[in-house]
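Please work through each task before reading its solution.

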Amino acid sequence: MTPDLPDRLADVDGRIADAARRAGRDPRDITRIVVTKFHPTSLVEELVRLGVRDVGENRQQELSAKRAELPDAGLRWHFIGQAQANKARAVRAAASAVHSVDRERIADALDAAAPDDDTDPLDVFLQVNLTDDAGRGGVAPADLERLAEHVTGCRSLKVRGVMAVAPLDENPADAFERLAGYSRRVRSVVPDATWISAGMTADFAEAIAAGATHLRIGSAITGPRPPRG
Ligand SMILES: *Cc1c(COP(=O)(O)O)cnc(C)c1O
C-alpha cells in the first residue's frame, strides 16, 4: 500500500476543481488521467480501488503488460507516448485512446491494426509540437489541417482533438493558448474534435484555464517515478 496515495489523489482533484471554477468551467467536463508509467501494476490496482478509471502509459510494452495483468479492472488505458508504426497492433490491442498521432504513417498503422470491420473506432488525439525543435514529438502546426484531413479519412479512427506538452522554456499559459488556437483549426476540419489533452503535474491549472478536457497527471498523484529497472 502506498500511504500517501489517497491524499495526493484527493489533493489533485481539489486543485482541478478549483482551477475549473476559476475558469468558469464544470470540473465534470474534465477527465483526469493518472499517468502510471514506471510504476508497478500494484499501484494501478490501488488507484482502481480509489475510483480511478483513466490511466496513461507512454511505452507500448509496459502498457500491454499492465493491461494483461488487469484485464477486468474497467479501466480506460490512454497511450501517451511516442508511437511507432511497428508497435501499432499492440498499442491498438491495449489502448482505448492514443494521444500521440503526429504523422500519417502512425494513423495508417493504427487504422490497419483494427481487429475487424465493425469494431469500435479508436479515439485519437493529434499531437502538436509547441516547440521550434522538429525533433520533439508532434506535428508541426503548419501541417495540422492536412494531418486532420488524413486521419479523419481513416475508417477505424475517430479524431477527438489535439494533444500537446508545454515547452520547458515558455510560460505554459502562453503555450496552451496557442494549443487552443490549434484546436479551433482542427475543428474547422473535424467539427466534433473538441477534446484537448494538455496539462501535467507542473501546469495542469494553466491547461484547465486554456480549455483542456483531458489532463495527464503523473507524479503529483503517484509520487516520484521509480528508476526504470
Ligand atoms: C510522463 C508524462 C506525463 C505526466 O508527467 P508528470 O509531470 O509526472 O505529471 C504527461 N504526459 C506525457 C506525455 C508524459 O510522458
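A residue is called buried under 20% relative accessible area, exposed over 50%, and partly exposed in between, with a 1.4 Å probe and protein chains only. The model is predicted, so that local features need pLDDT of at least 70 and side-chain atom pairs count only at pLDDT 80 or more, while totals for chains, interfaces and linings use all residues. Residues are numbered from 1 along each chain as its sequence is written, and side-chain values use heavy atoms, with hydrogens and water left out.

**Exercise 1.** Determine whether Lys 66 is buried or exposed, and identify its salt-bridge partner.

*Solution.* Step one: the relative accessibility of Lys 66 is 4%, which places this residue in the buried class. Step two: a salt bridge requires a side-chain nitrogen of Lys or Arg within 4 Å of a carboxyl oxygen of Asp or Glu. Lys 66 meets this criterion with Glu 57, their closest N and O atoms being 2.7 Å apart. Step three: Glu 57 is likewise buried, at 0% relative accessible area.

**Exercise 2.** Describe the salt bridges of Arg 15 and Arg 146, and state how many salt bridges the structure holds.

*Solution.* Step one: Arg 15 pairs with Asp 11 through their side chains, at 3.2 Å from N to O. Both belong to helix α1 (residues 5–22), where a spacing of four residues separates them by about one helical turn; helices are DSSP runs (H or I, at least four residues), numbered from the N terminus. Arg 15 is partly exposed at 38%, as is Asp 11 at 42%. Step two: Arg 146 pairs with Asp 143, with 3.3 Å between the closest N and O atoms. Arg 146 is exposed, at 54% relative accessible area, whereas Asp 143 is partly exposed at 31%. Step three: salt bridges with shared partners also link Glu 57, Glu 62 and Lys 66 into one network. The total is 14 salt bridges.

**Exercise 3.** Which residues surround the ligand, and what lies 2.6 Å from one of its oxygen atoms?

*Solution.* Step one: the surrounding residues, those with a heavy atom within 4 Å, include Val 35, Lys 37, Ile 80, Met 200 and Arg 225. Step two: a side-chain N or O atom of Thr 201 lies 2.6 Å from a ligand oxygen. Backbone polar atoms of Gly 218 and Ser 219 each lie 2.8 Å from an oxygen atom of the ligand. Such pairs are polar contacts (N or O atoms within 3.5 Å). Step three: of the 390 Å² that the ligand exposes when taken alone, the protein buries 88%, with areas from the Shrake-Rupley method and a 1.4 Å probe.

Key: Helix = DSSP H or I, 4+ residues; strand = E, 2+ residues; numbered from the N terminus. Polar contact = N/O pair within 3.5 Å; in protein donor to acceptor, adjacent residues only side chain to side chain.
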